[in-house]
Structure formats: C-alpha cells, structure tokens
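Dear colleague,

Please find below the structure that I am handing over to you. A short account of the findings follows it.

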Amino acid sequence: MIELYISLALILLLTIAIGLVRVLRGPTATDRMLAAQLFGTTAVAILLLLGQAGGNTAIWDVALIFALLAAVAAVTFVRRKDIDTTTET
Amino acid sequence: MEPALIFDLVLLLILIGLAWLLLASTDLFRAVVLFIAFGLLLALAWVRLGAPDVALAEAAIGAGITGALLLVGLGRLGSTERCRFSRAPLTFLQRLSAPVLVGVMIPSISLILLLEVHQLAGTTPGRQGLINAFLDVSGSGHGVTAVLLNFRAWDTLLEKGVLLLALITIWSLDQARPLFHQEDISPQLMGLARLLLPLVIVVAGFVLWQGDQAPGGAFQSGALLSAGILLAILVGYSLPQRWQGLSLRLLLAIGFGVFLLIAAATLLYSGYPLQYPEHLAGSLILLIELVATASIAALLAAAVVGGHPPDDLSTPAAKAPSTSGRR
Amino acid sequence: MLLSDLITTLLLICSLPFFLAGTLGLLRFPDLYCRLHALTKADNLGLGLVVLALMIQADSWQVVIRLLLTWLLVLVAGATVAHLIARKAQQDGHQPWRR
Amino acid sequence: MNTVSLYAGSGIILFSLGLHALLIRRHLLRKILAANIMGSGVFMVFIAMGARGESGVADPVPQAMVLTGIVVSLCFTAVAIVLAVRINKLTGCTTLAVDEESSID
C-alpha cells in the first residue's frame with residue numbers, strides 16, 4: 001500500500017512539473033496565477049498521500065493549512081492596487 | 001530504485017529548476033508566481049525530511065503571507081524603470097571582475113560547503129537523545145517546543161526582539177497606505193472570508209494547543225493567524241482607529257515584553273535568565289506561547305501592511321479608511 | 001488483500017485520470033475562461049476521490065472529519081477563486097474564445 | 001546516495017543559485033527573491049543534517065532554529081521590500097548601483 005501512495009504522489013508531483021509550463025508561458029498574469037492555484041490543490045493531495053504513507057497525521061495538518069489559505073494569494077492578486085499592465089506580455 | 005527516493009529526486013529537481021527559472025525570469029510577475037510555487041513545494045520537502053513543525057510554518061507563510069507580500073510589493077514597485085541616473089561606462093577591469101567573482105567564488109564556495117557537509121554526514125547524529133532524556137522536566141511534551149521555549153529559549157527571546165526591530169524599521173520608513181481597492185468587493189469573496197476567518201482562528205488555536213504534545217506551537221499558530229488577518233484586510237475589514245494607537249503597539253510588543261520580564265524574574269530567582277523553576281515550567285511556557293502567538297500574528301500582518309498607522313488620527317487615510325465600519 | 005485496501009486502491013487509481021485531465025486542460029484549453037474548468041472541476045474531483053480512499057483507511061471518525069474538512073475547504077477556495085479570476089478577467093476586457 | 005546527502009546537496013545548489021543571482025541581478029525585487037532562495041538552501045542543509053539520525057524524524061534543534069529562521073526571513077523580506085519601495089520613491093530606480101560621477105545629472 002505504501003508504495004501505491006508514494007507512487008501516486010510522485011505522479012501528482014509530475015503533473016505539477018508539467019503544469020509549470022503554463023506559468024512560464026502565460027500569456028497573461030491571470031493565467032499564471034490560475035496555474036499556481038491549481039498547484040495548491042495538487043499539493044494538498046500529495047500531502048494527504050504522504051501523510052497516509054508515513055502514518056504521520058501531523059502532515060494532514062499541513063494539508064489543512066494549505067486548504068485554509070489556498071485562496072489568500074489569488075485573492076491578493078485580484079484585489080491588489082497598482083496593477084501593472086506591463087507584466088501582461 | 002524505490003518510489004520514495006524517486007519522489008525526493010523529482011521534488012529536488014523541480015525545486016532547483018524553479019529556483020533557476022524564477023531568478024532568471026525577465027518577467028517579475030512570473031518570478032513571483034514561480035516563487036509561490038517554490039514555497040508550496042518546499043513544504044513538501046520539509047515533510048519528506050520528517051520536519052512537520054517546519055512544514056506547518058512554511059505552509060502558513062509560503063502559501064499565504066509571502067505570496068501576498070511579494071504581490072503587494074511588486075504592485076508598489078512596478079516593473080517599469082523610470083531611473084533618472086545613467087550608468088557610467090565600465091572600465092575593462094570592472095567588466096572583468098564580475099565574471100571572475102561569480103565564476104571562481106561561487107563554485108569554490110559550493111565545493112567547500114559540499115565537502116564540509118559530506119564530512120558532517122558521516123558523524124554521529126545530533127541531540128535527539130539528550131532532548132528526550134530531559135523532556136519530562138522541560139514543561140513541554142514536544143521536542144521542538146521544548147527546544148524553542150526552554151533549552152534554547154534565549155534564541156527565541158532574541159528572535160522576538162528581531163521581529164520587533166524589523167517592524168520598527170518598517171514603521172520608520174513609511175506610512176501605511178491602503179493595500180487594496182476598498183470598493184467593489186464581490187459578495188462571494190465576503191462569504192468566503194466569513195466562512196474562513198472563524199475556521200482560521202479555530203485551527204490556529206488547535207495548532208497552538210497541540211504544540212505541547214505534537215508538531216505545532218506559537219510560530220505556526222501566529223503565522224496562520226497573521227494570514228487570517230491578511231485575509232480580513234483583503235476583504236475590507238480594518239482595525240478601528242481607537243485601537244490603532246497604544247493598543248496596537250502593546251499587542252505588537254507584548255510577546256517580547258512578557259518574555260523579557262520572565263527572563264528577568266528567572267534571573268533573580270535562580271541566577272540564570274530563562275532557567276524556569278521546574279514546577280512552574282509548564283505554566284510559564286504556556287504564558288509565553290499565548291502572548292507570543294498574539295504578537296507574532298500582529299507583527300507579521302503589520303509587516304505585510306508595510307508602514308506605521310497615520311499619526312494624525314483625524315485624517316481618514318491610510319490603513320483604515322473610516323468608511324469601512326464592518327466589525 | 002483486504003476489501004478496504006482493494007477499494008482504496010481502486011479509488012486512488014480512479015483519481016489519477018482527473019488530475020491528469022486537470023493538467024491537460026490547464027495546458028491545452030484555448031483561453032482563460034476554459035482553463036478555469038481545469039481548476040474548479042477536474043482537480044477537485046480527483047482530490048475528492050483521494051480523500052474518499054483515505055477515509056476508508058481511517059481508524060477514527062476524527063480523521064474522517066479532518067479529511068472531509070480539508071476537501072470542502074479546497075472546494076470552497078477553488079470555486080471562489082475561479083469566480084474572482086473570471087470576474088477580474090472580464091473587467092480587464094478579456095474576450096471569451098470563439099471557434 | 002541516500003536521502004540526507006541528496007537534500008543537503010540540493011540545499012547547497014539552491015544557496016549557490018541564490019548567491020549568483022544576488023550578485024548579478026540588478027532589480028531589487030530579484031535580489032530579494034535571491035536572498036530568500038539562499039535562505040531556503042541553508043534551511044534545507046540544516047534540516048537534512050538533522051534528519052540523518054534514525055529514520056524519518058528530524059532532530060528538534062535544527063527544526064526549532066529553522067522555524068525561527070523562516071519567520072525572521074519573512075520579516076527580512078518585508079523590510080527589504082519597504083526599503084526597495086523607498087529607494088524607488090526617492091530615486092525612481094529599481095536598482096541599487098548608481099555611480100558617483102553620473103549621479104549629478
């Protein structure tokens with residue numbers, strides 16, 4: 001079972017790596033932020049799997065905090081002042 | 001190869017790749033988003049290294065506060081260059097010095113560090129046994145908390161001082177300006193904040209309480225709370241003006257102050273600063289953790305806001321527009 | 001192999017296509033509004049299946065509630081952020097993609 | 001090649017990458033990011049060294065120190081950003097290097 005959990009976590013990590021292409025490519029700042037938000041969800045899944053594999057539920061607290069604060073960065077992005085249009089290439 | 005080792009390898013490759021990409025990125029916004037992703041994956045690395053305490057703090061700081069801090073900073077700084085100064089042409093030696101410095105110094109530093117670490121890796125492991133032996137007299141049931149607030153409490157005391165000093169620096173440099181648009185808050189966002197804020201407080205309390213026996217404690221809890229405060233500021237809540245004066249400053253300083261008082265009291269009582277009497281250790285640690293959590297939460301949130309509250313309380317400017325009276 | 005282990009394995013394997021679809025959508029969908037689907041639907045469903053799989057392995061109801069709470073929080077955050085991002089994109093004048 | 005040396009080595013690489021960028025990048029925000037990456041590298045070496053004992057659990061002492069370190073590095077980042085904004089406001093620049101002769105302008 002532990003092998004299964006870790007293998008699945010590994011595949012999810014690889015999907016994050018592939019998803020980074022979207023952050024690099026953009027084209028708009030909003031696209032990049034969206035990709036980062038998606039990584040948060042995947043990271044929660046990885047943490048849950050790692051916690052189950054290691055039998056350490058403290059790791060699930062990390063996942064819980066990720067889930068709680070998943071929105072903060074994106075909300076800041078949407079609400080911040082002085083948005084540069086120059087970054088949107 | 002077993003899957004766990006491949007996981008570590010892939011994780012580290014992504015982390016190093018991310019670091020390279022974000023530092024070489026021409027687009028600053030892209031660099032900031034990549035840095036948020038870096039923080040996310042760093043928390044996974046701490047989990048893999050068996051350091052859940054660090055992972056908890058990294059989750060609260062990396063996922064919440066750093067991203068917000070950098071995005072706000074980027075907005076204020078802008079990526080447009082309006083520099084009035086022209087750069088003088090460099091001489092030949094100046095041109096040569098940079099590649100030599102970078103090309104020789106950095107590889108040699110890395111090599112020395114690698115050799116040193118390789119040598120260290122062969123020696124006997126650290127203080128786990130010693131800490132476990134003294135855990136029952138420390139006043140805390142969790143190793144990391146015991147180290148932070150008893151065995152190496154001196155470090156933690158000074159660290160609180162550093163945080164306070166950092167905020168004093170920030171406050172002396174700038175006056176707080178509104179971070180966000182005050183109008184046009186989507187009702188869905190308000191709903192999210194109303195749902196999340198009580199939960200953040202509950203989870204922060206849980207993390208603090210848990211720190212006595214398991215991963216958790218003042219730093220993690222304070223970081224989480226400050227992310228909550230940030231979320232509240234994001235949706236337009238603000239500190240009432242009558243609390244922006246002495247009360248706010250007291251809250252910011254109380255963590256360091258109480259810690260310092262306890263250090264002085266223990267110096268008088270036992271002859272050494274922060275050597276708690278054994279029967280009082282648990283309660284003293286609890287007291288310090290409570291005030292430290294409040295102070296850390298307020299300090300980190302104030303650091304992100306980035307400036308002192310307006311001196312003249314009659315002007316409805318800066319951090320707390322008087323119009324937003326929701327509270 | 002226990003029955004619970006079998007169900008967990010099955011659920012975990014089922015969750016995989018959703019995560020892959022989410023990443024694929026993020027990369028291949030033509031515009032921002034389409035990519036929002038990857039954020040709100042595919043990955044959250046994948047996470048739901050992972051949570052379900054781990055809930056079967058749980059030995060106490062506290063653990064079940066903690067897992068469920070994590071998933072619900074991610075759902076709420078994902079939905080709200082998708083709404084906010086779409087709203088901002090509209091205000092910035094992004095036109096939805098047309099064939 | 002075990003986990004500990006893998007992580008410690010990567011920490012050193014991160015430190016070097018950060019140091020490199022800190023020296024050669026001009027924009028202040030990039031320098032701030034570089035210093036953060038350097039810090040992360042140091043933390044990683046520290047935690048990895050603490051994890052080399054019995055399997056799975058890191059030594060509490062480095063964990064406690066890295067914990068304080070993370071909070072301090074956040075505060076440092078905030079101070080640095082405020083300083084950078086201040087420099088930007090006073091000079092209009094987002095970089096540090098201003099040569100003596102040319103600054104008369």
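How many residues of chain C are in contact with chain B? In this predicted model, 5 residues of chain C contact 5 residues of chain B. On the side of chain C that touches chain B, 2 residues are nonpolar, 2 are polar and 1 is charged.

Chain C itself may be described next. Its secondary structure consists of 3 helices and 0 strands, and the order along the sequence is α-α-α. The radius of gyration of chain C is 17 Å, well over the 13 Å that the globule rule gives for 99 residues, so chain C is more spread out than a compact globule. The C-alpha trace of chain C spans about 55 × 25 × 15 Å along its principal axes. Among the 99 residues of chain C, 38% count as buried. Of the contacts in chain C with a separation of 6 or more, 67% join residues 24 or more positions apart.

The second topic is the nonpolar core. The largest nonpolar core has 211 residues, and the members that touch the most others are Phe66(A), Ala37(B) and Ile47(D). The greatest contribution to this core comes from helix α2 of chain B (residues 28-48), which gives 18 residues.

Leaving aside residues up to four places away in sequence, Ile47(D) touches Trp46(B), Leu49(B), Ala51(B) and Val54(B) in chain B, together with Ala58(D), Pro62(D), Gln63(D) and Val66(D) in chain D.

With kind regards

Definitions and conventions
Residues numbered from 1 in each chain as written. Chains lettered and ligands numbered in written order. Predicted model: local features only at pLDDT ≥ 70, side-chain atom pairs only at ≥ 80, totals over all residues. Core = buried A, V, L, I, M, F, W, Y, C linked by C-beta atoms within 7 Å. Buried ≥ 20, exposed ≤ 12 C-beta atoms within 10 Å, placed from the backbone. Helix = DSSP H or I, 4+ residues; strand = E, 2+ residues; numbered from the N terminus. Contact = placed C-beta atoms within 7 Å. Nonpolar A, V, L, I, M, F, W, Y, C, P; charged D, E, K, R; others polar. Rg over C-alpha atoms; globule rule 2.2 N^0.38 Å.
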